[in-house]
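Me: Can you walk me through the sheets in this one? Keep it short, please.
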Amino acid sequence: MNDPHPHTSSAPALRRLLDLLASGAATEDFADVLADARRQGAPAAVLSEIDDATWQALRVHRTLRQHRRREAELTALFDTAGDLAASRDLDTVLQAIVRRARLLLGTDTAYLTLPDEAAGDTYMRVTDGSVSVLFQTLRLSLGDGLGGLVAQTARPYATPDYRADERFHHTGTIDAGVLDEGLVAIIGVPLLLGGRVIGVLFAADRSPRAFSPDEVALLCSLAAHAAIALDTAKSLADTRAALTELNGANELIRAHSAAVQRAEQGHDRLTDLVLRGAEVPDVAAAVAALLGGEIAVLDTEGEPLAGRAAPAAGLAEAVAASRTEGRSVRNGDAWVCAVLAGQEPLGTLVLRGRPGLDDADRRLFERASVVTALLLLLRRSVAETENRVRGELLADLLTAPDRDPAGLTARGRRLGVDLGRPHLVLVAEPAGAPGTAATDRGRLAGAAGRYLFGSRGISAEHGEAVVLLLPDDGAAGGTASVGTASVGTASGSAASGATAAGSASAGAQQVAELAAERLARLAGFPVTVGAGRPAAGPVALAASYAEGLRCARALRVLGRSGEGASAGSLGFLGVLLGDGHDVDGFVGAALGPLLDYDARRGTELVRTLRAYFDCGGSLTRAKDELHVHVNTVVQRLDRVEVLLGRDWNHPERSLELQLALRLQLLAGT
């Protein structure tokens, strides 16, 4: 029921005040209640009661507003904590901290600095609301500016006007950045973790503003959350880095374990091959399978003993580097490892198809070179022993071939040398013979042994020379060869290359030339090689040796030391030097085209040429001798030039032609 005297009672005013509190009205509305009561003429006692009630309502209103603000701040802090807890990326965490600080305090900008332990200062890490590049790149030394003081003292600082505040150590750089950003009021609070400042959080306005204690406390609360979140983010980053490193270490361990297992398998495999008496190609194939690449074994001249030939580019330099370092070295996309016995080179291993080798695989590759060296040494040792025994046979054959030919042949058969088959005899001398030092002959004998390694040939020192006996596998076709060695040192390729084809004399010439070249390379000094005719049987072989010896000495007399030749290749000198005096062969080589032409056409080119030489080169006397017109002689000699070449009338060639004509005449052919 309404009060009949409202101006005499405070109840309506009190109800109105309660309504204002309930509705959350503005502070100014509370003063209107007292003013309305005065206008209505309320007694002084009522006015006093309304005034007291208004002040009490204002206090309640202020308390409620503070509670609501606290509630909003707590809600914001909880939201912030949730946002920070959900963030795992450090940059995302820092950006969330700064943005939330700006929103909570309602400032124009917010930013965060972090210490740079290496530089000993702090730097601007993240900004929100900033427009100045100069400000965004500021660095603060400890104690400089507001932020430097916060970092130094671990206490919050706030200023309504930074530029005029003398509490801080102003520097030109900091003041220029603050001025460029247009900041006036600044508050900074430390990010503390275990009493240590790990950063500074700022909020700033571009107009003067006094930050209340509540705002300082709010920013400190946010900084506390931010410090924990920042530490968590760093810990997570460190954990991720540790996990990544651990995963990498695990991968490395697994790879190392696999490599060790391959190395163990390789060691067992190589050991088994050696014990079973395997050859170098077997070792190359096994290592290639273990390493997943292609292996080639080369001799010291780069010729393949197993696998295919390697590219020559840079190979010699790589081999030299491997010898110097005692390890395998890279050569383009291949790996090269020298095969050594002490300091003596035996060959080279080349691995292709594996551009990258880890330590374990590289050691396996290098171990393969040691096994290869062992096999080559074993084979060479056996070959040298066999060659010494066979060399004794060769020495006996050359000393007394007619004493017991059948016994020598049987003895050779027991040693795997069939003296009944055609052989080619090479006589090799150091280019300085006669009187060559015995050490040079010894080196030449060793070079001959390596040259023949892997073949069925034999060698021995005899007199001042070294004699090599090579099977003439294609005697019918005129081929003399040193068999291709399946394994060997530098001599393997030398021996395999000493294969010639063609006529017997041409074959002997080619073998002699190649033998002189390769023996010189192996011995380290020039070597002269003379080849006799292919022969079979002890007596004939001894005669072939004598012919080869005379050929070698003729080369020396002719000033051709260090070369190789056969008696047949020396032209008429070969006829004079050779025991067989192969007149027919010499005549055929010199006059063959003319003889064939006369036989086919019924002409008399040979008779005309003989008459021409007998008449001292006079066409007039030759035409009288032949009883033909001089033009006929000229025409026949033109045909001779076509068949024999333009040099037929040069002194050296004409001498051979005249000797051939005389031998033909004497032989009656």
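Me: Which residue in S10 is the bridge partner of Arg330?
Reply: Trp335 is the bridge partner of Arg330. Strand S9 and strand S10 (residues 334-341) run antiparallel, joined by 3 bridges. Strands here are DSSP runs of E, at least two residues, and helices are runs of H or I, at least four residues, numbered from the N terminus. Two strands pair if DSSP finds at least two bridges between them.

Me: How far can I trust the model, and how are things numbered?
Reply: This is a predicted model: local features need pLDDT of at least 70, side-chain atom pairs count only at pLDDT 80 or more, and totals for chains, interfaces and linings use all residues. Residues count from 1 along each chain as its sequence is written, and side-chain values use heavy atoms, leaving out hydrogens and water.

Me: OK. What is the strand order in the antiparallel sheet?
Reply: S8-S7-S11-S10-S9, an open sheet of 5 strands. Strand S8 (304-306) and strand S9 (329-331) are the edge strands.

Me: Which strands does helix H10 touch?
Reply: Helix H10 (residues 315-325) packs on the sheet and touches S7, S9, S10 and S11. Contact means heavy atoms within 4.5 Å.

Me: New topic. What is the order in the sheet with mixed pairing?
Reply: S13-S14-S12-S15-S16, also an open sheet of 5 strands.

Me: Why is one side of S13 and of S16 left without a neighbour in the sheet?
Reply: Strand S13 (458-462) and strand S16 (564-566) stand at the edges, so each has a single partner strand.

Me: And who is the bridge partner of Ala460 in S14?
Reply: Val467. S13 and strand S14 (residues 465-471) run antiparallel, with 5 bridges joining them.

Definitions and conventions
Axes fitted to C-alpha atoms, helices over the stretch in contact; angles between N-to-C directions.
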